[in-house]
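Open the model in your viewer and keep the selection tool at hand. Each stop below says what to select and what is there.

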Amino acid sequence: MKTIITLAIALAFSASVFAQSNFKEKTVFKNNDVEFRQLDEHTWHGNGNLVFNESVYLIEGESSALLIDAGTRIPGLKKIAEDLVKKPVTLIISHGHGDHIGAMNEWDEIWINAGDETILRPDAYKGKKRYLTDGQIFDLGGRTIEVVFTPGHTAGSATFIDRDRHYGFSSDAFGSGNLLVFTDLSTEIASCQRMARFIKKYDLRYFYPGHYWGDNLETPERVADIAAICEGILNGEFTPVKGDNGSLPFIVEKNGVKINYGKAQMR
């Protein structure tokens, strides 16, 4: 199957996971499709309203800006982002699921991890694709963003860190409270353990997730918990409950996070 449709992802988020939005940040733009809030002087969060607050992040430097992800359906996203920062905006796709690529064709060029080519339709993007590399640095002028590959949710999932500000943007790599592991549990463990080293090295305090509703930042403790739970699943320590996602039918819930997986992920 060339793509994992947004509906399947949406069904995996149960009512117990999706909480009422609890934003404290100031709204700076709003229309029927997206609402942008200011996280700090040069960083914004935009959330759509189709797949549980699917999130995009606008990151500004002195000379240019990045937008991480393109929502499910946000017409005019490129112009909205450029109007907010009054600078050129480069689009980076964290992974290839439908709730993160919706407006990508508004850009003539995008950056994406080649590991997710297989979940994009061949005709999904009509512009030029440039491929991220692990450890790549985007220099925005006075602000740099580092690319860290964190496969597990998908083969091409990536996290983006701001060393100087001690935080990052993890999209769905650590699940927003409801992690769907489409590769395998060992890959997810390895990504968590690797990210733990970055957390320690750069004193990273939290990550903004791919479905942000104001009070569900991904913390270092969350990353450690995910690794431990995945290890417990593989060791037979936990008995899963049956969910309603056909491709990922098993759920283990511990320490405030759900992990969704199937037999194919038990390695």
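Select Ala 65 and then Val 89 in β6: these two residues are bridge partners. The model you are looking at is predicted. Now extend the selection to strand β5 (residues 65-68) and strand β6 (residues 89-92). The two strands run parallel and are joined by four bridges.

Next, show the sheet. How many strands form it, and in what order? Eight strands form an open sheet, in the order β1-β2-β3-β4-β5-β6-β7-β8. The pairing is mixed. Select β1 (26-30) and β8 (128-131) to find the edge strands, each of which pairs on one side only. On average, neighbouring strands of this sheet are turned by 30° against each other, direction ignored.

Move to β2 (35-40) and β3 (43-47). These strands form a hairpin, with two residues between them. They run antiparallel, and five bridges join them. To see one of these pairs, select Arg 37 together with His 45 in β3, its bridge partner.

Select Trp 44 and look across to β4, where Leu 58 stands opposite.

Stay with β3 for one more step. Is it enclosed or open? Five of the five residues of β3 are buried, so the strand is largely enclosed by the rest of the structure. In a regular strand the side chains alternate between the two faces of the sheet. Colour Thr 43, His 45 and Asn 47, which are on one side, and then Trp 44 and Gly 46, which are on the other. Both faces are covered, and all of these residues are buried.

For the last stop, select helix α3 (residues 185-202) and helix α4 (residues 220-234). They pack at an angle of about 150°, with their axes 9 Å apart. That angle makes α3 roughly antiparallel to α4, since angles over 145 degrees count as such. α3 passes α4 in a left-handed crossing. Show the side chains at the contact: among them are Leu 185, Ile 189 and Cys 192 of α3, and Val 223, Ala 227 and Cys 230 of α4. By class, this contact has 12 nonpolar, two polar and two charged residues.

Definitions and conventions: Residues are numbered from 1 along each chain as its sequence is written. This is a predicted model: local features need pLDDT of at least 70, side-chain atom pairs count only at pLDDT 80 or more; totals for chains, interfaces and linings use all residues. Side-chain values use heavy atoms; hydrogens and water are left out. Axes are lines fitted to C-alpha atoms, for helices over the stretch in contact, and angles run from 0 to 180 degrees between N-to-C directions. Angles under 35 degrees count as roughly parallel, over 145 as roughly antiparallel, 65 to 115 as roughly perpendicular and the rest as oblique. A crossing is left-handed if the near helix is turned anticlockwise from the far one by less than a right angle, and right-handed if clockwise. Contact means heavy atoms within 4.5 Å. Ala, Val, Leu, Ile, Met, Phe, Trp, Tyr, Cys and Pro count as nonpolar, Asp, Glu, Lys and Arg as charged, and the others, Gly among them, as polar. Two strands pair if DSSP finds at least two bridges between them. Buried means under 20% relative accessible area, exposed over 50%, partly exposed in between (1.4 Å probe, protein chains only).
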